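Please keep the sequence and the structure in view while reading.

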Amino acid sequence: MCFGNTKFAERYVSWPRDDVKLDRVRELMGEQELDALVVRAPDNVLYLTNFWGMKGYDAVVFPREGEPVLICLEASEADADRMSWTDHVRLFPGYDESDPRPPSMRALDIARRLVSEYGRVGIELSLGTQAADRMVGEPTTFTKAWFDAFPEAGDATPLLTQARAIKTEQEIERMRLANKIAACAMEHVQERLRSGMTESEVGGMWECWVHAHGSGFEGKVELARGFSLVWSGEGIRTFTATGSRPVQEHEPTLFEIWVCADGYWCDHT
C-alpha cells in the first residue's frame, strides 16, 4: 500500500554527507591533475553539495583539497542552509540595480575570484544536457562568457560522468524513493482509469498525485515533480505529445513517466 505525505515534519530531511562519492571525485581529480572543479549544471551541483537550486544560476567550486564553496542565489539562502553539505556559501543577488547583467554573470564573478588561487581547473566543457532545477519549466542556459572566463580549463564532464556512473548506497536509496513515488501514482491512476477519459486527463491525474503526495513522501522527499506522456489505442506513437484522444476500451494505454524527487530521477514506460 502506498502512503503520501506522512505528516512531513516542517523541516527538510537532511541527508548525511556522502563522502564515498566525494572521495571518488577527488581521487579522479588527482589522476587528472585538477586542483578544482567549477560546476554549474544543477544535477552536478546537487551531486557535489546536495543543494538543488531553484533556477540554475548557482554553481560550486569544488577543490581537490579543502571544503567546496557553494555560489548561491540570495533568494535561495534558506534552501542552502537546509540542504547543502558545505557551510561555505557565497551569495549573489538575483537583481541588482547597478548591474543589468543576468544573475549567472554575478555567480561567474564569484567563481573566478575563488578559483584564482588554484592551478589547473576543470569546467563542464562538453555538457550536452543537464537535469532540471527545482522550477523545471524554465531551463537556464549559460552564456559564452562563462566558458571564456576559464580559457585554460580542462573538461570536467568526463570525470563527473565517470564518478556518477557508480552509485552509492545513499544515491540508490534516493532513486528508489523516486521509483516508489512513480509506482504509487500508477496504482492511484489504475484504480480510477476509465474508458472515455482523455489521455491528458489521465496524465494530469498521474502528475497531480506525484506532486501532491510525492512532496513529503515518507518524510524523506521535500519536492517531487512528475512528467508524463500518455497514449491510448491508435494514439500510441512514442515521442509525440499527449492529446485529447479518449482512452480506448479493450486497447492498451501506454504511459511514459518520469519522477524527479529532490533532483533524483526515474524513467519508465
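Which residue in β6 does Gly122 stand opposite? In this predicted model, the residue that stands opposite Gly122 is Gly154, in strand β6.

## The sheet

Strand β5, made of residues 121-123, pairs with β6 in the parallel sense, and the pairing extends over 2 bridges. Strands of a sheet pair through backbone hydrogen bonds, in either a parallel or an antiparallel sense.

The sheet as a whole is open and has 6 strands, in the order β4-β3-β2-β1-β5-β6, with mixed pairing. Its edges are formed by β4 (89-92) and β6 (154-155), each of which pairs on one side only.

## Helices on the sheet

Helix α4, spanning residues 103-115, lies across β1 (36-39), β2 (59-63), β3 (69-73), β4 and β5, and runs at about 145° to β4. Helix α6, spanning residues 157-164, also packs on the sheet, where it touches β1, β5 and β6, and its direction makes about 90° with that of β1.

## A buried arginine in a loop

The loop between β5 and α5 (144-148) contains Arg134. Is this residue buried or exposed? Arg134 counts as buried because its relative accessibility is 10%, and buried means under 20%.

Leaving aside residues up to four places away in sequence, Arg134 touches Trp52, Gly53, Met54, Asp79, Arg82, Met83, Glu222, Leu223 and Arg225. With one of these, Glu222, there is a polar contact between the two side chains, at 2.9 Å.

Definitions and conventions:
Residues are numbered from 1 along each chain as its sequence is written. This is a predicted model: local features need pLDDT of at least 70, side-chain atom pairs count only at pLDDT 80 or more; totals for chains, interfaces and linings use all residues. Side-chain values use heavy atoms; hydrogens and water are left out. Two strands pair if DSSP finds at least two bridges between them. Helices (H or I, at least four residues) and strands (E, at least two) are DSSP runs, numbered from the N terminus. Contact means heavy atoms within 4.5 Å. Axes are lines fitted to C-alpha atoms, for helices over the stretch in contact, and angles run from 0 to 180 degrees between N-to-C directions. Buried means under 20% relative accessible area, exposed over 50%, partly exposed in between (1.4 Å probe, protein chains only). A polar contact is a pair of N or O atoms within 3.5 Å; within protein, one must be able to donate a hydrogen and the other to accept it, and residues adjacent in sequence count only if both atoms are side-chain atoms.
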